[in-house]
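Visitor: Hi! Could you walk me through this one?
Guide: Happy to. Here it is.

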Amino acid sequence: MAYADLVSAQRQVLERTWLFLSLLYAVCRIVFVGVFLRTYGVSPWVFAAVELSSSLVWGVGSARCVGLVVDRQWRRLRLWGLVTLAGYVAPDTYVFSRAGRMPTSMIVVLVAVVVISLMSTAVWLLRSVRGARRPVAVA
């Protein structure tokens, strides 16, 4: 197997794994919204639609961004970066648009969750880029 084919196959597996994990995280967030935020006017059904559709965008986009950084394709990265950002902020934008009915303590917790998940994602992206730039041994 050629080096390029090995890298391509490796990327496809990583992209699919990341997409699966993104969707699993989305399901957890949907359950959280249904249990804790329904009483504050956040519709679990609307949130589920926004979360699942944006998770697909986010999952594919963030995986592509890693590949584009590794390949140093900066022009394509700008587009995928914007698409990925839109996928990331859409569900939280919906929740915060309903935040006027939530107590301040709940808003603080939600902001903390968003910040922590954003930082975790940034760390994952950096590690993914660094790991992808390492040479792969070809047998």
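Visitor: Which residue follows α2, and what is its phi like?
Guide: R72 follows α2, and its phi is positive, near 55 degrees. Helices here are DSSP runs (H or I, at least four residues), numbered from the N terminus. This is a predicted model, where local features need pLDDT of at least 70, side-chain atom pairs count only at pLDDT 80 or more, and totals for chains, interfaces and linings use all residues. Residues are numbered from 1 along each chain as its sequence is written, and side-chain values use heavy atoms, with hydrogens and water left out.

Visitor: How far apart are the end C-alpha atoms of helix α2?
Guide: They are 37 Å apart. That agrees with the 39 Å that its 27 residues, 44-70, should span at 1.5 Å a residue; the expected span is 1.5 Å times one less than the number of residues.

Visitor: New topic: how many aromatic pairs are there?
Guide: The count comes to 2, taking rings of Phe, Tyr and Trp (its six-membered ring) with centres within 6.5 Å; planes under 30 degrees apart are stacked, over 60 edge-to-face and the rest tilted. F32 and F36 form a tilted pair, 5.0 Å centre to centre with 45 degrees between the planes.

Visitor: Where do F32 and F36 sit relative to each other in helix α1?
Guide: About one helical turn separates them, because they are 4 residues apart in helix α1.

Visitor: And is F36 buried, exposed or partly exposed?
Guide: F36 counts as partly exposed, at 45% relative accessibility. Buried means under 20% relative accessible area, exposed over 50%, and partly exposed in between (1.4 Å probe, protein chains only). F32 is partly exposed too, at 32%.

How values were computed: Helices (H or I, at least four residues) and strands (E, at least two) are DSSP runs, numbered from the N terminus.
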